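Here are my notes on the model, as numbered points. Please keep the structure open while you read.

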Amino acid sequence: MVLNGIFVAKKPLFVSSNGYLGFLKRRDGVKKAGFSGILDPFACGVLVVAYGQYTRLFPFLKKTPKVYQATLWLGLESDSLDLENIQKIHQTKVFSEDHLKEVLQKFCGKIRFIPPKYSAKKINGQKAYELARAGKEVLLKEQTMEIFRIEFLNYSHPFLSFKVWVSEGSYIRTLGEMIAKELDCLGGLSYLERLSEGGLCYEGEKLLDPLEILELPKVLGINNKDLKEKVKNGKKIIQDELQIAKDGKYIVQFEEFFSIISNQENKIEYLANRIPLC
């Protein structure tokens, strides 16, 4: 049984992220677990999962870019902008691939948008899609997403497939709706898969080395017994003991454990202490 671990799982379609995490916990006999980057039930793909003490690593993981593959059904009218709440299917004209490629490139950069009401965005602690399904009013605030890159994959009318690299907090269903609007039609996603998050991809749930995936400078304290005892007990340490000069976050590594600290204006603060090395 894995007490502490971090890996990339692949969430199936039409299962909530919390529901799939519950399955993993039961399967592996784990009590404490969490995930980074929630996926709506309609979406499948990469879900970064941690067990035990490694759940404390989520705030320090690289979150961007998030990479998705999506298929946009042109002419699909859906309250949820996907296959779950279809209202009507409209006929649309056939577009040239060159025109579609041109339209996709218009969305590179920062975009202002309102998240879809059928999303995992929380309103007063409750997911928006839960409120929407209950027939309650859903009011979400405008926010910004950044499209770093977008790539045309295939067009078989009325289905347009693309791959997109986006910032944290992006909504691909809303992007799909905006693309369809630019084409002067309605549209919703018939497929959505997250391929990677912050460079992490699905590789059969292999356990990841936290020291490799945390992009923080390291301070090796393996041969420093005094420093090890201080860090182990959460005692005050100073910048000179770590031999660091710049402000920022650091990993202090020992044989059995590591800690994440912050150095700001010669003041050391523990951010996550005594995380065991498996």
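1. K218 stands opposite I251 in β15. The two strands involved, β14 and β15 (residues 248-253), pair in the parallel sense over three bridges. Strands count as paired if DSSP finds at least two bridges between them. Strands (E, at least two residues) and helices (H or I, at least four) are DSSP runs, numbered from the N terminus.

2. A word on the source: this is a predicted model, where local features need pLDDT of at least 70, side-chain atom pairs count only at pLDDT 80 or more, and totals for chains, interfaces and linings use all residues. Residues are numbered from 1 along each chain as its sequence is written, and side-chain values use heavy atoms, with hydrogens and water left out.

3. The sheet around K218 is next. Four strands form an open sheet in the order β14-β15-β16-β17, with mixed pairing. Its edge strands are β14 (218-220) and β17 (267-276), and each pairs on one side only. On average, neighbouring strands in this sheet are turned by 25 degrees against each other, direction ignored. Such angles run from 0 to 180 degrees between N-to-C directions, and the axes are lines fitted to C-alpha atoms, for helices over the stretch in contact.

4. Look at helix α6 on this sheet. α6 lies across β16 (257-264) and β17, and runs at about 85 degrees to β17. Contact here means heavy atoms within 4.5 Å. At the start of α6 (residues 225-232), a side-chain oxygen of N224 comes within 3.4 Å of the backbone nitrogen of D226. A polar contact is a pair of N or O atoms within 3.5 Å; within protein, one must be able to donate a hydrogen and the other to accept it, and residues adjacent in sequence count only if both atoms are side-chain atoms. Just after α6, G234 has a positive phi of about 70 degrees.

5. Some backbone spots deserve a check. N266 lies in the loop between β16 and β17. Its phi is near 65 degrees, a positive value in a residue other than glycine. The peptide bond from T64 to P65 is cis, with omega near -5 degrees. P65 sits in the loop between β3 (44-51) and β4. Another cis peptide bond joins H157 and P158, with omega about 5 degrees. P158 is in the loop between β10 (143-156) and β11 (159-166).

6. Which residues are the closest to the centre of the largest pocket? The pocket has a volume of about 480 Å³. Of the 26 residues that line it, G37, I38, L39, A120 and Y171 are the closest to its centre. The elements giving two or more residues to this lining are β2 (33-36), β4 (66-74), α4 (172-182) and β12 (187-197). By class, the lining has eleven nonpolar, six polar and nine charged residues. Ala, Val, Leu, Ile, Met, Phe, Trp, Tyr, Cys and Pro count as nonpolar, Asp, Glu, Lys and Arg as charged, and the others, Gly among them, as polar.

7. On a 1 Å grid over the protein atoms alone, a cavity is a set of points where a 1.4 Å probe fits but cannot get out; a pocket is an open set with protein on both sides within 12 Å along at least five of seven lines; lining residues have an atom within 4 Å of a point. Grid points are joined across faces, edges and corners, and a volume is the space filled by probe spheres set on the points.

8. There are two cavities of 30 Å³ or more.
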